Amino acid sequence: AGIGVIGTRDCSLYGLYNAKEFGKSIACGGGMVVSGGARGIDTMALKGALEGQTPVICVLGSGIDVIYPPENEPLFHEITKHGCVISEFRPGTGPLGSNFPVRNRLISGLSLGIVVVEAPENSGAMITASQALEQGRDVFAIPGNIGIASCQGSNRLLREGAFMAECGWDVLSEYQHLFPGKIFDPKKAEN
């Protein structure tokens, strides 16, 4: 079950922590994390998922041969060993700002549902959430601090009817009936 885990680049420590925890929990429960590989939430979600030792999908907003952000080169190499890094852009295409909203529809398209960890009102994560709804996907959001700009979009999603997620199992449990015996609560599996 592909689960998109997305959010802002300029996130709080709360967002970074939750992105990593959700990524790991979803992976440990049999889900496959799909994200964009950008700084912040995407990076931490992918790192957490790799700890869960389940394949991941990273969708780039540049050509497959253009590492962006450059500090994620080791992460992208690790992902190619335990999943895949994909792009619909031609080789050599740089990380233009206009590429990312285009890329975001692939993240939602490859996912049964997406989790918005932390997102301001006008952000790529909110574009992805909108695209997910257009594609008939589920949208989940993690409650954020009120009055904090980086949480205003994700909190608005909750007000508008997104599923509230407090842990990875809150997301995976929605798809357990589709994948009997493959999706499970990772906390119960530990006991």
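**Figure 1. Residue classes in the lining of the largest pocket of the predicted model**. Eight nonpolar, eight polar and four charged residues make up this lining. The pocket holds about 300 Å³ of space. The lining has 20 residues, and those closest to the pocket centre are Gly7, Arg9, Ser123, Gly124 and Ala125.

**Figure 2. Helices at the largest pocket**. Two helices, α4 (99-109) and α5 (124-134), each contribute at least two residues to the lining of the largest pocket. Helix α4 gives the largest share of that lining, with five residues.

**Figure 3. The second largest pocket**. The space in the second largest pocket comes to about 230 Å³. It is lined by 13 residues, of which Glu21, Lys24, Ser25, Pro186 and Lys187 are the closest to the centre. Sorted by class, the lining of the second largest pocket consists of five nonpolar, three polar and five charged residues.

**Figure 4. Helices at the second largest pocket**. Helices α1 (13-28) and α8 (186-190) each place at least two residues in the lining of the second largest pocket. The largest share of this lining, seven residues, is supplied by α1.

**Figure 5. Serine 35 in strand β2**. Serine 35 belongs to strand β2, which covers residues 32-35. Its relative accessibility is 0%, so serine 35 is classed as buried; the cut-off for buried is under 20%. Glycine 2 lies 33 residues from serine 35 along the chain, and the C-alpha atoms of the two are 9.9 Å apart.

**Figure 6. Contacts of serine 35**. Leaving out residues up to four places away in sequence, serine 35 touches Val5, Asp42, Leu46, Ile57, Cys58, Val59 and Ile107. Two of these neighbours, Val5 and Asp42, are shown again in the next view.

**Figure 7. Polar partners of the serine 35 side chain**. The side chain of serine 35 comes to 2.6 Å from the backbone oxygen of valine 5. With aspartate 42, the polar contact runs from side chain to side chain at 3.3 Å.

Terms used: Residues are numbered from 1 along each chain as its sequence is written. This is a predicted model: local features need pLDDT of at least 70, side-chain atom pairs count only at pLDDT 80 or more; totals for chains, interfaces and linings use all residues. Side-chain values use heavy atoms; hydrogens and water are left out. On a 1 Å grid over the protein atoms alone, a cavity is a set of points where a 1.4 Å probe fits but cannot get out, and a pocket is an open set with protein on both sides within 12 Å along at least five of seven lines; lining residues have an atom within 4 Å of a point. Grid points are joined across faces, edges and corners, and a volume is the space filled by probe spheres set on the points. Helices (H or I, at least four residues) and strands (E, at least two) are DSSP runs, numbered from the N terminus. Ala, Val, Leu, Ile, Met, Phe, Trp, Tyr, Cys and Pro count as nonpolar, Asp, Glu, Lys and Arg as charged, and the others, Gly among them, as polar. Buried means under 20% relative accessible area, exposed over 50%, partly exposed in between (1.4 Å probe, protein chains only). Contact means heavy atoms within 4.5 Å. A polar contact is a pair of N or O atoms within 3.5 Å; within protein, one must be able to donate a hydrogen and the other to accept it, and residues adjacent in sequence count only if both atoms are side-chain atoms.
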